[in-house]
Structure formats: structure tokens, C-alpha cells
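Have the model open as you read.

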Amino acid sequence: TKLHLGVIESFRMTADLRNEILGSMALAYITFPVLGLLTYIVASLFGVAGLTITDAVILSTLGGLILHLIIIFFTMFTAIASFKYGLDPDNTTIPLLTSATDIIGVLALFAALRILAIV
């Protein structure tokens, strides 16, 4: 929407772009620890042995933050590039973003496992 309105035009860090990034970061910082907690709870309910609650939350948070740092730039690049080429970012960015997030998310989780020496 901000591309269509002309508020965001490039990668130049404006107040609007910074606020979009900070909002996304805030959501990630809330979502990924909660996801780790929910994963632990569901695994416990089904009797799946695995990580401690602390490890599950830290692993999910670290993997999510690695993913977020990569995907935020991918999102900005694809949205701005598609808009500049006359394509609707809603039709190009979202399918690319969901596919990239699946792949990069798995790699980020593996990286977090490695960093935390869990595997």
C-alpha cells in the first residue's frame, strides 16, 4: 500500500520504512517465543520427548530471528522491484515470500540448532 501511495519508493531508510521494519520485528519477537512455547506444550500433550521448554523457546526464537533478518530484506527487494517494473507487489511478493520463507525457515532452524549445539 505504501508503494502505491508513494510513501515508500526505494530502499532509502525513511521514517515509514523504518516503522514498517520495526513493526515486523516487534511481531517476530512476540510470535517466535510463543511458537516455541506452543510447540513444547503440544509435544508434551502427545508424549513426544524432546527439548526442554527453555530450549524449545530459545530455539524457536533464534531460528525465527535469523529467518526474519533474511526475509525482511527479501521482502523489501521483491516488493520494490516488482512495483518498479509495473507489477502488483501483492501478486508477486506474497507467493515468492511464502515459498522463500519455507525454505529459508528450515535453514534458519538448522542454523539455530547448530548455534545452540542442540544437534
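Helices here are DSSP runs of H or I, at least four residues long, numbered from the N terminus. This is a predicted model, in which local features need pLDDT of at least 70 and side-chain atom pairs count only at pLDDT 80 or more, while totals for chains, interfaces and linings use all residues. Residues are numbered from 1 along each chain as its sequence is written, and side-chain values use heavy atoms, with hydrogens and water left out.

The axes of α3 and α4 come within 8 Å and cross at roughly 155 degrees. So α3 runs roughly antiparallel to α4, a label for angles over 145 degrees. Axes are lines fitted to C-alpha atoms over the stretch in contact, and angles run from 0 to 180 degrees between N-to-C directions. The α3–α4 contact splits into 20 nonpolar, eight polar and no charged residues. Nonpolar covers Ala, Val, Leu, Ile, Met, Phe, Trp, Tyr, Cys and Pro; charged covers Asp, Glu, Lys and Arg; the others, Gly among them, are polar.

## How α2 meets α3

Helix α2 (residues 15-45) packs on α3 (residues 53-84) at about 150 degrees, with the axes 8 Å apart. That angle is why α2 counts as roughly antiparallel to α3. The crossing of α2 past α3 is right-handed.

Which residues touch? On the α2 side they include L17, F32 and Y40, and they meet α3 residues including I53, H68 and M76; contact means heavy atoms within 4.5 Å. By class, this α2–α3 contact holds 17 nonpolar, six polar and no charged residues.

## The second largest pocket

The second largest pocket has a volume of about 370 Å³. Of its 20 lining residues, T39, A56, L59, S60 and L109 are the closest to its centre. Two or more lining residues come from each of α2, α3 and α4 (89-115), and α2 gives the most, with seven. The lining has twelve nonpolar, eight polar and no charged residues.

A pocket is an open set of points on a 1 Å grid over the protein atoms alone, where a 1.4 Å probe fits, with protein on both sides within 12 Å along at least five of seven lines; lining residues have an atom within 4 Å of a point. Volume is the space filled by probe spheres set on the points, which are joined across faces, edges and corners.

Technical notes:
Parallel < 35°, antiparallel > 145°, perpendicular 65-115°, else oblique. Left-handed = near helix turned anticlockwise from the far one by under 90°.
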